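Reader: I have a structure on my screen and want to learn how to read it. Where do we begin?

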Amino acid sequence: MSDTTAGRLPDLPVTFRPGRTRVVLLTAGTALFVVITLIALLLEQLSPGERISFVFTAALLAGVLFLLARPKVVADETGVTVVNIVSRRRLEWAEILQVHLRSGDPWVFLDLSDGTSLPALGIQPGIARQRAVADARALRALAEVRSTAGPEAPRS
């Protein structure tokens, strides 16, 4: 989302998510499920119940990795939807006071008008720091423009 570095806001709707991290988690979850299931099928001494147990465990572990790949932040004309590991929260632009990604932060934090702070795991500097910084700047610019002008703000 390097559009803001050129002074232009990204076109809405825009989705921010940790792409590389997501690919790694989805690949690892799929590979883990396939390998454990193959082991269960290839081990002749296992009973049918043990095979089912192997497959169930593989599905459970893959499911955890898939949940970790879920986070994203979706910005549209009316606000922002923050999807974290097991939660989803819809915010109007006016509810977002500030967008923070400080050095050492594991992900972006949104300061809200109700006095709370909401982590937005969809923008995290883990594997792709420069991308996360650009995404945080884009979201910050959108929040600054849209929270004061409202949803009818002209598209830049």
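Author: With one residue. The model is predicted. Look at Asn84, which has 9% relative accessibility.

Reader: Does that make Asn84 buried or exposed, and why?

Author: Buried means under 20% relative accessible area. Asn84 counts as buried because its relative accessibility is 9%.

Reader: Where is Asn84 found?

Author: Asn84 sits in a loop. Strand 3 (79–83) comes on one side of that loop and strand 4 (88–92) on the other.

Reader: Which residues is Asn84 in contact with, leaving aside its neighbours within four places in sequence?

Author: Arg70 and Pro71 are in contact with Asn84, and so are Pro119, Ala120 and Leu121. Take Leu121 from that list. A polar atom of the Asn84 side chain lies 3.0 Å from the backbone nitrogen of Leu121.

Reader: Now the surface. Which residues form a nonpolar patch there?

Author: The patch consists of Phe33, Val34, Leu38, Leu41 and Leu42. Together they have about 470 Å² of accessible area.

Reader: Let me pick Val34. Where is its place?

Author: Val34 belongs to helix 1, residues 19–42.

Reader: What should I know about peptide bonds?

Author: Most peptide bonds are trans. Here, the bond from Leu12 to Pro13 is cis, with omega near 0°. Pro13 lies in the segment before strand 1 (14–16).

Reader: Let us step back. How many helices and strands does the chain have?

Author: The chain has 3 helices and 7 strands. Along the sequence, the pattern reads β-α-α-β-β-β-β-β-β-α.

Reader: What is the radius of gyration of the chain?

Author: The chain has 20 Å, while a compact globule of 156 residues would be near 15 Å. Now take the C-alpha trace. Along the principal axes, it spans about 65 × 30 × 30 Å.

Reader: What share of the residues counts as buried?

Author: Of the 156 residues, 37% are buried. The accessible surface of the chain is about 8800 Å². Carbon and sulfur atoms hold 63% of that surface.

Methods. Residues numbered from 1 in each chain as written. Predicted model: local features only at pLDDT ≥ 70, side-chain atom pairs only at ≥ 80, totals over all residues. Heavy atoms only, no water. Patch = residues over 30% accessible without salt bridge, like charges linked within 9 Å, V, L, I, M, F, W, Y side chains within 5 Å. Areas by Shrake-Rupley, 256 points an atom, 1.4 Å probe, with all protein chains shown as cover. Salt bridge = Lys/Arg side-chain N within 4 Å of Asp/Glu carboxyl O. Helix = DSSP H or I, 4+ residues; strand = E, 2+ residues; numbered from the N terminus. Buried < 20%, exposed > 50% of the residue type's maximum accessible area, 1.4 Å probe, protein only. Polar contact = N/O pair within 3.5 Å; in protein donor to acceptor, adjacent residues only side chain to side chain. Contact = heavy atoms within 4.5 Å. Rg over C-alpha atoms; globule rule 2.2 N^0.38 Å.
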